[in-house]
Amino acid sequence: MRRSKWGAVLRSPVGASAAVVLCALVVLAVLAPLLWSERAAAVDTGQILQGSSAQHWMGTDNLGRDVFYRVLVATRLSVELALAATAFGVVVGLVLGTAPVLFGARVGRFVHGVVSIAVAFPGLLLALFFAVIFGVGTVGGVLAIGLATAPGFARLTQTLVARVTALDYVAAARIAGVGRVRLLLRHVLPNIGEPLVVNATISAGGALLAFAGLSFLGLGVQAPDYDWGRLLGEGLNSLYVHPAAALAPTVAVVVAGLAFNLFGEAIAKGIGQHEAPQRGKTREPEPEAAAPLTETGDAVLAVENLRVSFPGPAGPVTPVRGVSFTLGRGECVGVVGESGSGKSLTALAVAQLVEEPGRVHADRLEFLGTALLDQGERAGRQLLGTSFAMVFQDPMTSFNPTQRIGAQLAEVARRHQGMGRRQAFARAVDRLRAVRVPAAERRARQFPHEFSGGMRQRAMIGMGVMGKPALIVADEPTTALDVTVQRQVLRLLLQVRDADDVAILLISHDITVVAQVCARVLVMYAGRIVEDLPAAELRTAARHPYTRALLEAVPDMSTDRDLPLAVIPGRAAEPGALPPGCAFAPRCAFADERCTSAEPPLVADGHGRRVACWHADEIAPAGQARVRVGESR
């Protein structure tokens, strides 16, 4: 595909023309100094400032030297300096643009501010400023042009890096324990390379023009060396008497600059990024019997008073507020709630994927008996990389599109289990077979875009079981899949659980899926758990109005088709503007003055259930909840 894209670039009229001129420049830069250096340097005092003739096509300069040959010989130095300045600017821009990945979010924000200030100034003004600082000459000119180019390149890199690092396969790599440098080189840069190549090619043309400008002003190349800009400055002194001496280097600068810019534009038109396929819709799950409630002493994951906060204009915003739950071996627990209720952010906090400026606090956050918040970064990566697996909702963004499936799975084994390349690949093939991927060895050598959505999700589960996971967090794992594939993926998760006694935390918007697959259900609203109960009792014993409203909003075979579908009135509470008291009170048909003045605590009833509602013991039976929801609408 990439070869065909480059072929399309070269077949286009603009791309072909620019490529021919660039090739001629390269050949000229290599051969001209070897062939014509002596003729370009020959001084003839009898031919000073002569016009164009058969002997001197572009005339001579003030020492009688042939201008045409000097322009040809100057090609090498002009192109070399432009490419050196571009390379320096690209390297500096890459370092600045990837600072959040390399050095963390805090340093990244500082660098982002510096780059934002720098791009506000014209590039030529920056080049002149740096040229004065570094001094005249070729070295100072390269540094000046490079630093003037870097801010624009850094801004582009920052934008591209921010888009890529937000994708699921980068989060999966972090969970697997991939270091920052390896993450950048293996997962980020290969996926932003094409637009960076386009920008670098165009920047080379700009650097060529800028360096010619510095030399023209006397700040670039110094005698006895010369480039096109210096030749232009020398020819300008006799412009009215001998215009050809200034015209020749001018034409060379313009043609070479246009060639670089047009080739970059041709690349930009011919090369595009891969786009993810459209997401499908899902519905039905695979039923599963309920498991016993978890005892804290046997917990794979123990969370107490988990809080996640971010800085806001009016103070910290806390989208996850005091979440507490435990998860035992082999237990399947579901988390449901509307978008923005804090489900995924809770999972990211457990996986240690909340980055600056986000803050994670908890009275207790233990995974396999280890306090995650007390672990160093390296130790935490080692534990999570071997015993924690995360399945993301979009199978297309769950894998690096530039790497083969087998190589991505094998990275986990090579990183944490010390396997060699062949052994790790064999393990990856074995895990693909374990998750029912047909022709696993052939499939392992394919790229993610060659897999269907369901196959990619199976491969993502296979990555999770490369080690011996004790916990799989599945964040909307079936959102992008059709009903049949959804059922297969859910069945596969449960088979993995049964085979290795793996705990599963299933996050979903679909309360019906969770009710049929999980043993226990956590209902979240506005960053809190508002109800915790066995899945088998979800439809008959739910005590929170929000839980009942979620159930009523899902139609079933008994729903009266002559009536409008039930909805939950109002909008979900904003994390930065929570109402006083119970966050659900503005949408609740049972709210009273107490609900709007004091937030109810999450209270256990002694039978493995918890609910945060002032009216949990008084609320109408489930059959009447439908009427109240309808009335409030």
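What is the accessible surface of the protein, and what share of it belongs to carbon and sulfur atoms? The surface comes to about 29100 Å², and 59% of it belongs to carbon and sulfur atoms; such areas come from the Shrake-Rupley method with a 1.4 Å probe, and for residues only the protein chains shown count as cover. The model is predicted, so that local features need pLDDT of at least 70 and side-chain atom pairs count only at pLDDT 80 or more, while totals for chains, interfaces and linings use all residues. Residues are numbered from 1 along each chain as its sequence is written, and side-chain values use heavy atoms, with hydrogens and water left out.

**The whole chain**

Display the protein as a cartoon. It contains 23 helices and 13 strands, taken as DSSP runs (helices H or I, at least four residues; strands E, at least two) and numbered from the N terminus. Of the 633 residues, 50% are buried, meaning under 20% relative accessible area; exposed means over 50%, and partly exposed lies in between (1.4 Å probe, protein chains only). Among contacts (heavy atoms within 4.5 Å) with a separation of 6 or more, 71% involve residues 24 or more positions apart.

**Helix 10**

Select residues 193-216. This is helix 10, with 24 residues, and its first and last C-alpha atoms are 34 Å apart, close to the expected 34 Å; the expected span is 1.5 Å times one less than the number of residues. Just after helix 10, Gly218 has a positive phi of about 90 degrees.

Next, colour the strands of the open sheet, whose order is 7-8-9-3-10-11-13-12 with mixed pairing. Two strands pair if DSSP finds at least two bridges between them. At the edges are strand 7 (388-391) and strand 12 (603-604), each pairing on one side only. Select strand 11 (residues 528-534) and strand 13 (residues 610-611): they run antiparallel and are joined by two bridges. Glu531 has Val611 of strand 13 as its bridge partner.

**Salt bridges**

Finally, show side chains. The structure holds 20 salt bridges, each a side-chain nitrogen of Lys or Arg within 4 Å of a carboxyl oxygen of Asp or Glu.

- Arg364 and Glu304 meet at 3.4 Å, N to O. Arg364 is in strand 5 and Glu304 in strand 1, 60 residues apart.
- Arg364 also meets Glu366, at 3.2 Å, N to O. Arg364 is partly exposed at 21% relative accessibility, and Glu366 is partly exposed at 22%.
- Arg587 and Glu338 meet at 2.9 Å, N to O. Arg587 lies in the loop between helix 22 and strand 12, and Glu338 in the loop between strand 3 and helix 13, so the pair ties together parts 249 residues apart in sequence. Arg587 is buried at 6% relative accessibility, whereas Glu338 is partly exposed at 22%.
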